[in-house]
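Student: Could we go through this structure together? I would like to begin with contacts inside one chain and then move on.
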Amino acid sequence: MTSQVATRLVEFVEALRAKGVNAGPSETIDAGEVVRVLGMENRELLREGLAAALVRRGGQRDVFDQTFDLYFPAGVGRPESAREAEDMDVTQLRELLLMALLDRDPRTLAQIAEIAVDTLGQVGQPGTDTAGWSAYQTIDRLQPQTLIAAAMAMQGGGSGQGGHGLGTQFTDRLARDEIRRGVDAFREMVQSEARRRSAELRGRSLVAKHAVRNSQDRVDFLTANRQQLEELRRQVQPLARVLATRLSARRRRRRRGAIDMRRTLRRAMGTGGVPMRPVYEKPRPSRPELVLLCDVSGSVAGFSNFTMLLVQALSAQFSKVRVFAFVNAMAEVTEIVRDGAVSGGADIEPRIRQEARITKWHTSSDYGEAFLDFREFFLEAVGPRTAVLILGDARNNNQNPRFDALHEIAMRSRRTYWLNPEHHTRWGLGDSEALAYSEIVPMYECANVDQLTHFVTRLLPV
Amino acid sequence: MPFSSVEDVKTKLAAAGYLASDAIATTVFLASELGKPLLVEGPAGVGKTELSRAVAEASGADLVRLQCYEGVDESRAIYEWNHAKQLLRISAGQDETWSEAKSDIFSEEFLLPRPLLTAIRNENRTVLLIDETDKADVEIEGLLLEVLGDFQITIPELGTVTATQRPFVVLTSNATRELSEALRRRCLFLHIEFPSAELERDIVALKVPGLDTALADSLIRVVNALRAMPLRKAPSVSETLDWARTLVALGAEALDDEVVSESLGVVLKHTDDIEKARAQLDLESVLS
């Protein structure tokens, strides 16, 4: 391998590392082997090959692809397609895009993205530090989302003539979503092309650092956008299942109780028929009982999105989950969450705000007051088999934190955990009571899926 | 080496009835070239287990399978002594000395080889499939590290068995538990996603030849639309195939409201998913 390729590879791995893909020297060596075996001729094969060597979990693939496009670009400089389409204006581009969306042709879409960035995306003064290529500006001028309606109209006209009966009509209902997905894909292509062009001007590592999005499992719950929330929902689902089983009482094998005759005799074969070590029957898995206390106040608005995801996922898994929401008054919202889970979950939060009594005379969060409420009205929900999960930032607005109420809840439960979306260095600063509360119940930082995974798979005892 | 290039992997797998995407073919080729185990993750029903069967068939190798479950241990994974037979042997040879008996009962005849040992001792080319690795306990991972590291197993009474040829190892996981970093490090990683529309069309054409192409097209469009919905269990390739077979059995000629709402249960396995899909696909009118 030439030293040039090796250097590029090492830089590439470094950029990945900065984005949270945990690749060590041994992975770099693997990647080198991959380049040796596959060669550099076929870019797509090289991409898959390097992914096999460097990526270690599914959620990292996005970051990998974006960084790969920067470090192993398909071309350099102005793409051929853009040179040919020298004098194309916005209207023509939009027409081209419309046709490509109707044809669902990814290759044409990619070409249009290249042209669009070239003609519409240039920002700053050429030749100075401000020069670059902006995906935002390209999309803003091209307005691809406004093409959906036009595309639908064309589609409708087309199937009227050559349709074959009911079948066409049925799949027509899917067309809108398909075209919308096409537009989303186009947007991605524009972003990646703009990154590539900017990287040539500004240097790869700089663009990789700022323009490549963080890997899915490191997206902050507090700042996630709609699309990222969709992704999060997909990732939280399996985690919630694990979490629910972990929180339920679970013992491997009993040390006492009924003897499993069959297994004891089978084991006795090893000692000549003498049952030296009895095997006890497996304990019946106990039904998990979960009580969730969720802060839904404004300061954790982004986090409560996640909270609702988790709560929904949990209540879908298990019947004995009770959900309580609070700002400064505790209210049970189990029914709302359960209804919401059927209809897709978008209306849960507004319904909680409208129907549940989660505030008293003011609207800022007050954990102490909420815990007191809980102790007064719902304490019977917590028993020796219940796990309690508190989700919130422990910012108490300088009210009385009422440690005694939390302590009582924690004492009655089998286990109590607190998940805090704030970075742990900010615990205890300002009006945060996190440090004091964390002395009563174990508190874990939980700002992204990565940390949630860590909590669920590593910190919870089996 | 059984494969000469990525293309070669594709053709051979296709001949074995497995249509591989670029990603799958490349990773299989690399795993066989570099001699590294292959860790396959992905949603249920996208053909993780099927892949190793196809690789075995394509490379003319024997397939040895270790199914992991909670509580699988050395005696299930590597080898076990056949206690009952040993006892019989001892009681049969009444008047021999202990040392005679001992050297005899700890011989090949009384050994019950389990998948890992079988794969390592096999003279032929072998594909070792370790299925659902995430279901096994953490301790087994340590065991696997040892075996997959140098492909040898030490049996105290018999000595060390070393592999004459390196088996092609495939580990699958459904990600119910995070596999340890150490195990991930030693493997090439392949995340199988739902296939692209074209590939899935080819898969349907290959596996369900009786289905009309136009119908297959609309079928795949519907399945892709379902995958974009927030469902509890998104339909996977195996569900697509089931659905295709159902449509053939029903003798459907086109996908219309009635056919879809009758057979939606084949693709979606939860009642609330079915309800959600019905609402989104505007099937309500048929219900009433």
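Student: Which residue's side chain meets that of B:Arg121 in a salt bridge?
Tutor: The partner is B:Glu108, with an N to O distance of 2.2 Å. Please keep in mind that this is a predicted model.

Student: Where are the domain boundaries in chain B?
Tutor: Domain 1 of chain B comprises 6-72 + 119-191, domain 2 covers 79-113 and domain 3 covers 197-279.

Student: How many salt bridges does the rule find across the interface of domain 1 and domain 2 of chain B?
Tutor: The rule finds one. The count of residue pairs in polar contact between domain 1 and domain 2 of chain B, both at pLDDT 80 or more, is also one.

Student: What area is buried between those two domains of chain B?
Tutor: About 560 Å² is buried between domain 1 and domain 2 of chain B, and carbon and sulfur atoms give 62% of that. On the domain 1 side, B:Arg121, B:Glu157 and B:Leu158 lose the most area to domain 2, together 73% of what that side buries. In terms of contacts, six residues of domain 1 of chain B touch seven residues of domain 2. The C-alpha centres of these two domains lie 34 Å apart.

Student: Changing topic: how many residues are in contact between chain B and chain A?
Tutor: There, 45 residues of chain B are in contact with 48 residues of chain A. The buried area between the two chains is about 3900 Å², with 57% from carbon and sulfur atoms. In chain B, the residues losing the most area to chain A are B:Arg185, B:Phe189 and B:Arg221, which together account for 17% of what that side buries.

Student: What is the salt bridge count between the chains?
Tutor: The count between chain B and chain A is three. B:Arg221 takes part in a salt bridge with A:Glu178, at 3.0 Å from N to O.

Student: Now strand 3 of chain A: are its residues mostly buried or exposed?
Tutor: Seven of the seven residues in strand 3 of chain A (289-295) are buried. Both faces are covered, with A:Val291 and A:Leu293 among the buried residues on one side and A:Leu292 among those on the other.

Student: Which strands pair with strand 3 of chain A?
Tutor: Strand 6 of chain A (386-391) pairs with strand 3 in the parallel sense over six bridges, and A:Cys294 has A:Leu391 as its bridge partner there. Strand 4 of chain A (321-326) also pairs with strand 3 in the parallel sense over six bridges, and A:Leu290 is partnered by A:Val321 in strand 4.

How values were computed:
Residues are numbered from 1 along each chain as its sequence is written. Chains are lettered from A and ligands numbered from 1 in the order in which they are written. This is a predicted model: local features need pLDDT of at least 70, side-chain atom pairs count only at pLDDT 80 or more; totals for chains, interfaces and linings use all residues. Side-chain values use heavy atoms; hydrogens and water are left out. Buried means under 20% relative accessible area, exposed over 50%, partly exposed in between (1.4 Å probe, protein chains only). Helices (H or I, at least four residues) and strands (E, at least two) are DSSP runs, numbered from the N terminus. Two strands pair if DSSP finds at least two bridges between them. Domain bounds come from an automatic or database domain assignment. Contact means heavy atoms within 4.5 Å. Buried area is the accessible area (1.4 Å probe) that two parts lose on being put together, summed over both. A salt bridge is a side-chain nitrogen of Lys or Arg within 4 Å of a carboxyl oxygen of Asp or Glu. A polar contact is a pair of N or O atoms within 3.5 Å; within protein, one must be able to donate a hydrogen and the other to accept it, and residues adjacent in sequence count only if both atoms are side-chain atoms.
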